[in-house]
Amino acid sequence: MTQCLLTVHAHPDDEASRGGATVAHYTAQGVRAVLVTCTDGGAGEVLNPAVTDDFTPERFVAVRSAELDASARNLGYSAVHRLGYRDSGMDGTAGGAEAFVRAPLDEAATRLARVIADERPDVVIGYGTNHTRDPHPDHIRANEVLTRAVGLLDHTPAVYHIAFSRRRHRALHQACVDSGVPSPYEGGLSAPPDAFDDEWITTLVDVTKGDAVERRLDALRSHVTQVPPASGWFALSPQQLRDAFPYEEYTRVGAAPREAVVHDLFTAPA
């Protein structure tokens, strides 16, 4: 039987910037990948100065949806599910009554649980509870909804939270310094210790095989309205990124952090 992983993300583009190389890595091995996106991304702004269109709100949502589909194709997703909520915005005031943060928890969790029950993944990837560096209310809500949804399931997949270590942050920053390019990681160097997940990481996925890193970058470029071609996220080449830090990091829910981590989401820590 084909293995399946399902990822839960808050907005279009999160699937590319958070764990995208992991999905590309597994889909290249024949794993079926399913994407769930909770909101329409409509409260975002055009961040690419090369995009000069004057979008109506409806058109902007449609464009972001098309970008999401293109990104998912680059990563190898077999299915994309939209939970149907509106983007709540960085301050949580956007989206009106249909905003993700204002949806009753059990309602949103039931929608997500239905998708998970239909797809029956072996592994589910979502967000954790550490939002010190990224306090977007929709990201916080995505964790709450996933946690509740898993409790509604008849079967129990392995659940992972995407993690980001200070070690990885420093390595990528140093690679930018060594290459003489501006570092998008510099601001995080002064973040407090609890802004990172080092002590909780249980699983490191090696994304250096094949073209997983290239596909993640292509997925990110698919979000044309959000990511300028000259973005610092593209400052390092795929090989430089692989050399600087070859893993994407995860915390397995319910597993105790161990000195010896495992390297496969489908393998439980011993």
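I would like to begin with A158, which counts as buried because its relative accessibility is 12%, and buried here means under 20%. Please keep in mind throughout that this is a predicted model.

A158 belongs to strand β5, which covers residues 158-163. Leaving aside residues up to four places away in sequence, A158 touches D122, V123, V124 and R252. The C-alpha atoms of A158 and P121 are separated by 8.6 Å, although these two residues are 37 apart along the chain.

β4 and β5 run parallel and are joined by 4 bridges, and V124 has V159 in β5 as its bridge partner. Between these two strands the chain passes through helix α5, residues 137-151, and this β-α-β crossover is right-handed. Strand β1, residues 4-9, also pairs with β4 in the parallel sense, over 3 bridges, and there the bridge partner of L5 in β4 is V123.

Where do the side chains of β4 point? In a regular strand the side chains alternate between the two faces of the sheet. From strand β4, residues 123-126, V123 and I125 point one way while V124 and G126 point the other way, and all are buried.

Let me turn to the aromatic side chains, where a search of the whole structure finds 7 aromatic pairs. In one of them, the rings of F55 and F60, the centres are 5.8 Å apart and the planes lie at 45 degrees, so this pair is tilted; both F55 and F60 are buried. The rings of Y160 and Y250 have their centres 6.5 Å apart and their planes at 85 degrees, so this pair is edge-to-face. Because Y160 lies in strand β5 and Y250 in strand β7, residues 247-252, the pair ties together parts that are 90 residues apart in sequence. Y160 and Y250 are both buried.

Finally, two arginines deserve a look. The charged end of R18 sits over the ring of Y127, at 4.9 Å from its centre, and R221 lies over the face of F234, 4.4 Å from the ring centre.

Key
Residues numbered from 1 in each chain as written. Predicted model: local features only at pLDDT ≥ 70, side-chain atom pairs only at ≥ 80, totals over all residues. Heavy atoms only, no water. Buried < 20%, exposed > 50% of the residue type's maximum accessible area, 1.4 Å probe, protein only. Contact = heavy atoms within 4.5 Å. Pairing = 2+ DSSP bridges. Right-handed = clockwise from strand over helix to strand, strands pointing away. Phe/Tyr/Trp six-rings, centres within 6.5 Å; stacked < 30°, edge-to-face > 60°. Lys NZ or Arg CZ within 6 Å of the ring centre and 35° of its normal.
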